[in-house]
Every structure is written in structure tokens, then in C-alpha cells.
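User: Hi! I am new to reading protein models and would like to go through one step by step. Could you help me look at it?

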Amino acid sequence: KTATARARVLATTVRGYRGYRTEDLRRLKRPPWLLRLGLRSCTRSRPWLQYCPQCLRGDADPYFRRCWRLAFVTVCPAHARRLLDRCEACGAVVNFHRLPGDAETMTQCHGCRGDLRCAQAPTLRRTAGDCRLVQFQAFLLTTMRTGTYRVVGSSAIQGAQFFGMLHRRVWLILTTMHAPAFQEAF
């Protein structure tokens, strides 16, 4: 009904990342790199979508970027700001699907009807740590887009396999009894 090709519509979803077929997403049930919906009584109660207010302000027709659903995407490199995951005014998580049909824009908060574009996201500091964060995020996004990761001195591995291994390593760093030593080393 929108005169948009089915392939283009699917490209706007997480299925549009290379190497992630619908079957893979169903098999994983909870992809570790995707923010979880946290459904409770058919309401998304946990933050499942982040946003950059400045990106939304700059859009002629505001839209939420596909990469804002990814758990490792926490900053907007274009505006050097951290992403937000809830309404600054009332604290409600982003649930644009709960807006009434007569809502002016999908950037309205479903809770207080405030405009998410008016929020002020924290600015990144120009520290070495923040620069590494932006670089690492860009590297991970490139791996998602291309669907492969080339290991130095070896052949490429599939992006899904890479993210699975990365998730297991991070889980070990955060949850084992030696976690403080791992965290410090990391």
C-alpha cells in the first residue's frame, strides 16, 4: 500500500543486515546484538530502540534508524552524542507504535506526547576512550553491513559467527568469578 518494494521494506529491518537470514533470527530467538523488546502485557517495557534527537531533527521525514536497535550502537558519530533510549520529559521508553493514528509525527512520546526531537543527548568528550568507542562501533557496524569479518592472516568468517564469538567473550569477561581481572585487562 505504500508503493515500496518488498525488498526495500525488508532492507529497513534487522533482516537487511548481510548474513542474517530470517531463519537465523528465529533460531537465535534472542540475537545477542539486538536490544530486547522486554514485552510485558503486549507493552514494550524495556528500552528496545535508541535515538539521536539531532538526527531526527535533521530529517525532512523523521525515521528511526535500523542500527539504533543494535545493542552495541550507543553513540551518534555524526553528532558526537550519546544515544537516548527514553523520553527526556517523562522517562517513557520509545514506543512509537503505541501512538494514535492521528499523531503528528512518530517522534512524539506515547506517554506525554512530547517531541523526542527536542531532547538534549549528552555530548561525547574528546577523550581517547570515546574516540576508541566510536571507532569500535564503526568497525562492528561495518561487520554487520558486510556480513563478514576478515581475521588477520586467515580467511573471512561470517558476521553471525563473529558476533556469536564476541558475545561469548564479553559474557565471560562480565560474569566469571575472575571478571574484575578480565575487565581490568580488557
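User: Which residues have the most contacts inside the largest nonpolar core?

Analyst: Good place to start! This is a predicted model, where local features need pLDDT of at least 70 and side-chain atom pairs count only at pLDDT 80 or more, while totals for chains, interfaces and linings use all residues. Residues are numbered from 1 along each chain as its sequence is written, and side-chain values use heavy atoms, with hydrogens and water left out. A nonpolar core is a set of buried Ala, Val, Leu, Ile, Met, Phe, Trp, Tyr and Cys residues joined through side-chain atoms within 4.5 Å, and buried means under 20% relative accessible area (1.4 Å probe, protein chains only). The largest such core has 32 residues, and those with the most contacts inside it are Trp-33, Tyr-51, Phe-64, Trp-68, Leu-70, Phe-72 and Val-73.

User: Which element gives the largest share of this core?

Analyst: Helices here are DSSP runs (H or I, at least four residues), as are strands (E, at least two), numbered from the N terminus. At least two core residues come from each of α3 (53-58), α4 (128-146) and α5 (159-175). The largest share, 3 residues, is that of α4.

User: Which residues is Phe-64 in contact with, leaving aside its neighbours within four places in sequence?

Analyst: Contact means heavy atoms within 4.5 Å. Phe-64 is among the residues with the most contacts inside the core. Leaving those neighbours aside, its partners are Leu-49, Gln-50, Tyr-51, Leu-56, Val-94, Phe-96, Met-106 and Leu-116.

User: In what order do the elements of the protein chain run?

Analyst: The protein chain has 6 helices and 6 strands. From the N terminus on, the order is α-α-β-β-α-β-β-α-β-β-α-α.

User: How many nonpolar, polar and charged residues are in the lining of the largest cavity?

Analyst: On a 1 Å grid over the protein atoms alone, a cavity is a set of points where a 1.4 Å probe fits but cannot get out, and lining residues have an atom within 4 Å of a point. The largest cavity holds about 40 Å³ of space, and its lining includes Val-94, Phe-96, Met-106 and Leu-116. Ala, Val, Leu, Ile, Met, Phe, Trp, Tyr, Cys and Pro count as nonpolar, Asp, Glu, Lys and Arg as charged, and the others, Gly among them, as polar. The lining has 8 nonpolar, 3 polar and no charged residues.

User: What percentage of the residues of the protein chain count as buried?

Analyst: The chain has 186 residues in total. The share that counts as buried is 34%.

Technical notes: Buried means under 20% relative accessible area, exposed over 50%, partly exposed in between (1.4 Å probe, protein chains only). On a 1 Å grid over the protein atoms alone, a cavity is a set of points where a 1.4 Å probe fits but cannot get out, and a pocket is an open set with protein on both sides within 12 Å along at least five of seven lines; lining residues have an atom within 4 Å of a point. Grid points are joined across faces, edges and corners, and a volume is the space filled by probe spheres set on the points.
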